[in-house]
Amino acid sequence: MSETGDGSPPGGPLPRPTAPWRAVGFVLAVLGIVLVAITPNPPETAQHWIQIVAGASLTAFLTTYAGWHEVARLRLQGRPTLLLRWLQRRRVAVGVAVGLAVALALGVPPAWDLARGVSMGIAGCAPVTQLRMVADPETVTTARGLADSYEQWTATDNHHCPTVDVYVYSGAGDEIRERVAKGTGWLDESTALRDIGPQPDVWLAATSHELADLPQPTAQGSAIAEVTPVAVSPVVLAVPDAVAAREKYEHSRWADLYRRLTDEDVDVVRADPDSTQLGLLATALLYGVPGQDGAASPQQLPPAEVEHRIAAALDRGGFPLTDTPGLLCRHRTLGAQAAVIASEQQIVRFNLGEPLGSSCLSGTDRPGRLTALYPTDTRALDHQFVRLAWSDPPQEQAAARFGAWLRSDPGREAIVGTGLRPVGPYTVGPTLTTVGIDPGAVPATEPIPPGQWGRTAAAHDVAQRRGRVLFALDTSGSMATEAPEGRRADFAVAAVLAALGGMGPGDEFGLWFFPDAPGTGHVEAVPLGSSGPDRLAAARQALAGVRPAGNTPLFRTMTDGAAALGPADPGRVDAVVVLTDGEDTSSGLTADAVSASLAGSGVRLVVVTIGEIRCSDPGLVAITTATAGECRDADLSNLSTVLRTAIAGLWGGR
Amino acid sequence: MARSPQWHPLAWSSAGVVVGIVAVLLTTTITGLVSNPDDLEDGPIVVLSGRDDSIDGQRQKLISQWNQLHPRSPARIVEASPIADATRSEMLARAQSGRGEVDVFNLDVTWTAEFADAGYIRSLDESRVSTSGFLAGPLATCRYGGKLWALPFNTDVGLLYYRSDLLDAPPRTWDELEDKVQEMRARSGNDVDGYAGQLADYEGLTVTALEAIRGAGGSVVDEDGNLVVENQRAAIAAGIERLRVIAPAGIPELDETSSVRLFQSGRALFMRNWPVTVRSLPQGLEGTPAVAFGVAPLPGGAGVLGGQNLAVSADSTRPRAAQALIEFLTGERSQQILFERGGLPATRQVVYFDQAVRDRYPYIATLEEAISSAELRPAQPHYARFSDVFRAAVNGYLRHDAPLPDDLQDQLVDALKGWLAPADDG
């Protein structure tokens, strides 16, 4: 009934809450909001219900009561200057409010941090973000070291509580590349989770060449979100003291250095280029990368001659045909006098006596010493930090922070600690000043031309010597054991079939099963011969008919197999590849007798174990070391991969 | 008819309260009331688990049974790595992702507290879930902070396997065990040596060491979960020293599989392993007779409890179906199948009372005794770090002749808070 046109309700102006009441109202409204926010949704207990109802009601009540009153009192009628005058009249209150807000903004964070520190000291650390990282077997030790350093660093500024927990595991390089190329990662196939490992958020790649054929980060549907180079390690030719003392080798190119050393009867060994990035890069350098002037070096040896000399060096020194840690481990075990082509980081680890790969799991207190030579045209392994795009936000942010840390000062310090050279300015620590290393030597900066990789691989295929491999598959009774994943024999058969698929046209193979019916010998399923399709079909048929039963005449089969391969031919790799799950039970021979008779025969014994026997068995160690072979432990889930990589160096080219 | 001014505040405040209550009710209750609480949600229920260790894949068979009973809510197991740490990492990452693609986690007993504390799993309403009928120890591993977070899927406890052809009866005390080992070593021309426990640097070593410490009358944690290392230093040191003495020569890096191999080859007098080994040992190495063995509880009931629990993921969109699945898998019939056909120790008492089971598997009496006296590892969110620190101390003592650190209690207290100690070289 009021005739005032100002919108106020009839009966005169509304009573205005006094200042103390307004302050109380403000606090209660905040309390109401906080009560709603802290209550879990959906509410589970009666207390939760009371909290949420009371909190929501309080806030709703106070905003409708107090707020509307103030808005109604303003009577702005579309004149903003009134608002300014309103503020000016209350300048003391406004000034106090702004000052209080600034004080809180500046003072609360440190106070909050202190409170958090105290609460973490009492209640324990908050749950940390889980980050999953994968690297290939040669790089996984570096990856673990960097992950540990990062976790430590996050804990230093956070009251001893790390903010991230990094799980690092090793996976075969080609399997990781295959998954990343697919783009969907682990999401569609659950067997990847079981057979390879957790879905990685971060991949520490050994070289940028590994990423060459993968989709770019900017491409549609690419699994790669970010690629950052973080560290490099030059490829070096590491020579023993006796050779290093001879003469100066500075300012040589790879071709000159290699020719000079091998002409002086120094054995130079190199890892297999088909299964290792370092091997491939080293091979490219040995075959000759066109120099800056585009001309090949006059000392350049043709690929066939290079391979011939390397093969002879590997045979003479009793080195296995696998990866560089395998070469260095054998070097350390035998106290060899050969030179090894390796990365600077691997030589740092060798000289410091650290563990080397899967065959030298423990370090040594009396390490040998190799001196690294840096040819002028050498290149480097450039480690890449790859962040994958399929990660969810918590992992994505944690991975990005990890990558950023690797490019910062503390990250670079950690990289130096692993024996690598970080990208960017850094201080040389104790690792890079290990005797035999020259941190001042700088590799050539221009990358290997893209086409060169393919040309190198092709030339290597042609030049590499062929393989003559006898597969001996354990078909004893224990191979019928049902493991949770399936029958052992089934996995073994699948692994052998996959391994046979890696043969080249010039290679030869044979397939034996042991035991035979009497239990002391073997069955010749496919005799030694060429790798033609009809013989492969015969192998497939024989493998399908495997019926596990009987004893394990392991050692007898090894000696018979070596004898069947015939006289050694240096132009050919002769090997017996044994896949077994148990100890010898019926040969009547001892391991020592076997290693004595096979040493120097030119036949390499490669053993892959599953089940109850492990490569740490002294008999297997003696046999594989004496025959320049290799031993690898496997589980049923990774058996195919382990067998394939263990024998990759035995085959010739495609 | 002027309205009294005093009514307006009351009207406004009432309006505010009513609005608050209505808003809350709308957002929480109505949706719940509309749907039938007994209806299970449709769609695939995803169970994330480590490797299925049961004989003949019994877990998958149970899932297949569920699928036939509930065709609209089928379940499937996504199997992660056989390595426990890898499985834990994948489960944590998926839980943190918030995407809700996993409905049920098959957690190791030592991870339950971690997942509960971080809010990755839902607590179970005990008024709706029947927990009577479960064994006490396994059920206790499902509780944290006074709430029930999971149901026990299978349990596990360390058992003593001994050579029954060389010993008439299992040792009753750890002193007797040590004496028997020394006696056997003293006999010349003998390669039967020692106690094949899990000694490689992983959780197996933590378990084996805790059992040896218990055998010496000590403990690292008391019943209330407090660390008592300071008070029990002598007993702890005695326990680890005994482990060093009875371990096979050279303290090899044994895990469960290589312990079995060592025992099966006849080169160990005793073995410490989980119950599922009872079924696989008799196979023996071909050509040689299976090693004659007996199984007994660890002397003095020193076994440590293991096993797995099933929990519903906090961001699952099918919580009712997931809970129903969990109740099915931990129900009496499923537990009986898991033990009889799969060899995994059941978590329900009724399985152990079944006369037919007792007749067919006589070792079940031993198993029950061992489970009832088994010790629980600390149910703490940062158990993994605690285990790392503890294991580093044990490993240093066993393999590097390093004495137990003086500040071991403080180190463990810090580890239980999740603190990461600065790395020291050496």
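Mentor: Start with the setting. Chain A holds 22 helices and 17 strands. Chain B has 17 helices and eleven strands.

This is a predicted model, in which local features need pLDDT of at least 70, side-chain atom pairs count only at pLDDT 80 or more, and totals for chains, interfaces and linings use all residues. Residues are numbered from 1 along each chain as its sequence is written, chains are lettered from A and ligands numbered from 1 in the order in which they are written, and side-chain values use heavy atoms, with hydrogens and water left out.

Now the charges. Chain A carries 51 positive and 69 negative side chains. Lys and Arg count as positive, Asp and Glu as negative; His and the chain ends are not counted. Chain B has 38 positive and 56 negative side chains.

A salt bridge puts a side-chain nitrogen of Lys or Arg within 4 Å of a carboxyl oxygen of Asp or Glu.

Take A:Asp263 and A:Arg309. Their closest N and O atoms are 3.0 Å apart. A:Asp263 sits in helix α9 (residues 254–263) and A:Arg309 in helix α11 (residues 303–317), so this pair ties together parts of chain A that are 46 residues apart in sequence. A:Asp263 is partly exposed at 46% relative accessibility, while A:Arg309 is buried at 18%. Buried means under 20% relative accessible area, exposed means over 50%, and partly exposed lies in between (1.4 Å probe, protein chains only).

Next, A:Asp315 pairs with A:Arg465, with 2.9 Å between the closest N and O atoms. A:Asp315 belongs to helix α11, and A:Arg465 to the loop between α16 (450–463) and β10 (466–474), so the bridge links parts of chain A that are 150 residues apart in sequence. Here A:Asp315 is partly exposed at 33%. A:Arg465 is buried at 13%.

Now turn to chain B. B:Glu101 and B:Arg94 form a salt bridge, 3.5 Å from N to O. B:Glu101 is partly exposed, with a relative accessible area of 28%. B:Arg94 is buried at 14%.

Definitions and conventions. Helices (H or I, at least four residues) and strands (E, at least two) are DSSP runs, numbered from the N terminus. The place of a charge is taken as NZ of Lys, CZ of Arg, CG of Asp or CD of Glu.
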